[in-house]
Amino acid sequence: MLRSLFLAAAGSARLERLVESVPVSKGIVQRFVAGGGADEVLRVTRELADDGLAVSLDHLGDDTRTVEQAVAARDEYVAILAGLHGAGLTPAAEVSVKLSALGQRIDEKLAYEHARAICAAAAEAGTTVTLDAEDHSTTDATLETLMELRRDFPSTGAVLQAYLRRTEGDCRELATAGSRVRLCKGAYAEPESVAFQSALDVDKSFVRCLNILMSGEGYPMVATHDPRLIAIAEDRARWFDRSTGEYEFQLLYGVRSEEQGRLAAGGNTVRIYLPYGDQWYGYLMRRLADRPANMGFVARAVASR
Ligand code: FAD
């Protein structure tokens with residue numbers, strides 16, 4: 001119930017303006033977002049790297065409605081990749097990109113061209129790009145773009161969402177040599193016709209997908225904070241004889257930091273998804289939907305003012 005409310009709120013422009021106008025929002029956002037600009041995100045990336053963690057940077061913003069915004073998003077990624085390279089933070093840091101931020105809803109070809117420019121900049125910086133998964137209406141177009149990008153940039157990563165009924169099939173198609181696939185539960189409000197609705201069904205699907213990816217030939221990127229699924233992933237890695245360099249765990253910045261350290265101390269590659277930029281509203285609402293108990297954190301931040 002609360003999850004649906006937060007996901008509905010994520011799409012409300014009026015609520016966005018209201019929340020962004022409340023000064024305390026900035027304090028809350030700091031828990032999940034590295035900061036507004038390149039300097040801040042490079043500093044946090046350095047801190048994480050010093051702790052032995054890999055990073056995937058996400059410049060916040062989705063559902064771009066004008067060509068100018070899409071061009072600005074592309075340019076930001078190209079600039080941050082140069083910044084990461086200049087700071088010696090590649091290849092440990094890569095970038096995560098939402099095609100909707102690059103203009104997918106305006107013109108798929110335009111989003112592809114922008115993604116291509118980012119992949120080229122990443123290759124020059126000695127690192128990679130992962131295409132984030134968004135709501136199910138974009139899945140086909142995103143996977144088609146991925147396939148096109150992989151012709152010239154074969155290490156471009158995919159994201160598959162276990163809550164979608166189609167995902168087991170997508171895992172089979174993508175569990176091939178050289179393929180990098182992030183598996184997550186999925187963060188959008190989706191109808192029953194396309195997505196499992198109960199947490200148990202989503203978890204079961206996650207495990208089925210994990211089995212396919214771990215037994216396949218690609219590079220699985222296990223993106224969850226769920227202790228049970230992390231334990232199952234560790235078990236499957238052992239079962240399918242994968243050494244720690246043959247898969248990785250991914251967690252969100254600000255979520256279960258102790259677990260991030262525990263996994264890294266165990267010799268695992270652990271990549272932190274690190275969002276930055278001013279357009280944090282939709283991202284924050286999705287994190288509250290993941291865990292409505294975080295409202296307690298919000299309430300404490302408000303009370304402490
Ligand atoms: P949950 O069942 O939500 O959580 C399990 C446990 O983790 C909770 O009990 C709690 O202890 C902890 N936890 C989870 N979330 C939080 C939180 N916000 N604050 C504090 N504790 C928390 N979704 C997409 O749709 N597309 C993407 O491209 C995408 N990329 C992602 C990349 C990464 C690296 C990660 C980790 C997630 C990504 N997601 C993406 C989000 C994902 O789909 C889930 O919404 C999110 O990860 C919560 O699911 P969970 O697997 O952690 O399990």
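Biologist: T224, buried or exposed?

Modeller: T224 is buried, because 22 other C-beta atoms lie within 10 Å. Buried means 20 or more other C-beta atoms within 10 Å of the residue's own, exposed 12 or fewer, partly exposed in between, with C-beta atoms placed from the backbone. This is a predicted model, in which local features need pLDDT of at least 70 and side-chain atom pairs pLDDT 80 or more, while totals for chains, interfaces and linings use all residues. Residues are numbered from 1 along each chain as its sequence is written.

Biologist: Where is T224 in the fold?

Modeller: T224 sits in the loop between β6 (219-223) and α10 (227-239). Helices (H or I, at least four residues) and strands (E, at least two) are DSSP runs numbered from the N terminus.

Biologist: What does T224 touch?

Modeller: Beyond four places in sequence, T224 touches C184, K185, L229 and I230. Contact means C-beta atoms, placed from the backbone, within 7 Å.

Biologist: And which residues does the UniProt "binding site" cover?

Modeller: The unreviewed UniProt entry lists Q161, K185, G186, A187, T224 and H225. They spread over 65 residues of sequence but cluster in space, with a largest C-alpha distance of 14.4 Å. UniProt positions follow the numbering used here, feature names are shortened, and annotations may be inferred rather than shown by experiment.

Biologist: Where does Q161 lie?

Modeller: Q161 lies in strand β4 (residues 158-161). Q161 is buried, with 27 other C-beta atoms within 10 Å. Leaving aside neighbours within four places in sequence, its contacts include K185 and G186.

Key
Contact = placed C-beta atoms within 7 Å.
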